[in-house]
Amino acid sequence: MQALGLGRGSIPLHACRYRCRRTAAYPSAPAPPRPRNATGLNTRIAAVRASAAEPAQMERTHGEEPARVVKLRAVDATPESFAPFGQVIAASPDGDQFGPHDAQLDLSRGVPRFYIMRLQDRPLKFSAITHHASVTQCLGSIGGQDWYLGVAKPSIVDEPSEQSGQEGRKPLQSRAGHYYLPPDPAEVCVFRVSGLKFLKLNKGTWHAGPLFKADAVDFYNLELSNTNVVDRTTHHFKKRDGIIFVVED
């Protein structure tokens, strides 16, 4: 991921219920339609409130329109704060029986793949976000190094004719075949994962990362053998919304 130049000024945002504080140029908007399998999410996702104070920072690439730089304050991933997006899994005593505190996995649509991936040069900024519609995913850093993940709630819909989302966002069809509402930039949060724990992402959870401050970090990753070939849907905030997110911590 290339480093992004930052301009002047910023617009602070109030904290959401996850205490995700950001700089953005977005006012409050009505909630989008309830996506598939999203019971209870609307009551657990915080409403984002914008208050314009200064001009937003701008980043310009030669030949392109300038993009707004939106700053997101990272918050700690806990079982409670991360619940709308998945689970935070920590160590449990040997001999414990399987229960709701364990990762609730869905690997039923293919061959599971558990591997170690080495990532390099992943600074704390992003302009695209991805989801997998057919599988849960588990990510954790080897050795417990701190890392960060940008997320937005799942937005998969059953039919393309469903009501538009915020700001008139229409359902789109993924190359994987399903329909989804493009993620709302105002609903993006960033979580910090510290210590010996990992994240389980629900099916459809939008995610950007892992990101980290170190030069390189090894991660274990559990998904399907062909997830990144046949089940990878990406939304480009810079291209679609004119936005680049920068993580503050």
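I begin with a pair of strands: S10 and S12, the latter covering residues 179-180, pair in the antiparallel sense over two bridges. Within this pair, Ile-156 has Tyr-180 of S12 as its bridge partner. Please keep in mind that this is a predicted model.

The pair belongs to an open sheet of three strands, ordered S10-S12-S11, with antiparallel pairing. Its edge strands are S10, residues 156-157, and S11, residues 172-173, each of which pairs on one side only.

I now turn to another sheet. In what order do the five strands of this open sheet stand? The order is S4-S14-S8-S16-S5, and the pairing is antiparallel. S4, residues 86-90, and S5 are at the edges with a single partner strand each, so one side of each has no neighbour in the sheet. On average, neighbouring strands of this sheet are turned by 20° against each other, direction ignored.

Let us follow strand S8 within that order. Towards S14, residues 197-201, S8 pairs in the antiparallel sense over three bridges. Here Gln-137 stands opposite Leu-201, and Cys-138 stands opposite Lys-200. Towards S16, residues 216-224, S8 is joined by four bridges, and these two strands also run antiparallel. In this case Gly-140 stands opposite Tyr-220.

Is S8 enclosed or open to the outside, and why? Five of the five residues of S8, residues 137-141, are buried, so the strand is largely enclosed by the rest of the structure. Buried here means under 20% relative accessible area. Both faces are covered: Gln-137, Leu-139 and Ser-141 are buried on one side, and Cys-138 and Gly-140 are buried on the other.

In soluble globular proteins, nonpolar side chains tend to be buried together. The largest nonpolar core in this model has 20 residues, and those with the most contacts inside it are Phe-82, Trp-147, Phe-191, Leu-199 and Phe-219. The elements that contribute two or more residues to this core are S5 (112-120), S9 (147-152), S13 (189-193), S14 and S16. Apart from it lies another core, of 18 residues, which includes Ala-74, Phe-126, Ile-129 and Ala-152.

Thank you for your attention.

Notes: Residues numbered from 1 in each chain as written. Predicted model: local features only at pLDDT ≥ 70, side-chain atom pairs only at ≥ 80, totals over all residues. Heavy atoms only, no water. Buried < 20%, exposed > 50% of the residue type's maximum accessible area, 1.4 Å probe, protein only. Pairing = 2+ DSSP bridges. Core = buried A, V, L, I, M, F, W, Y, C linked by side-chain atoms within 4.5 Å. Axes fitted to C-alpha atoms, helices over the stretch in contact; angles between N-to-C directions.
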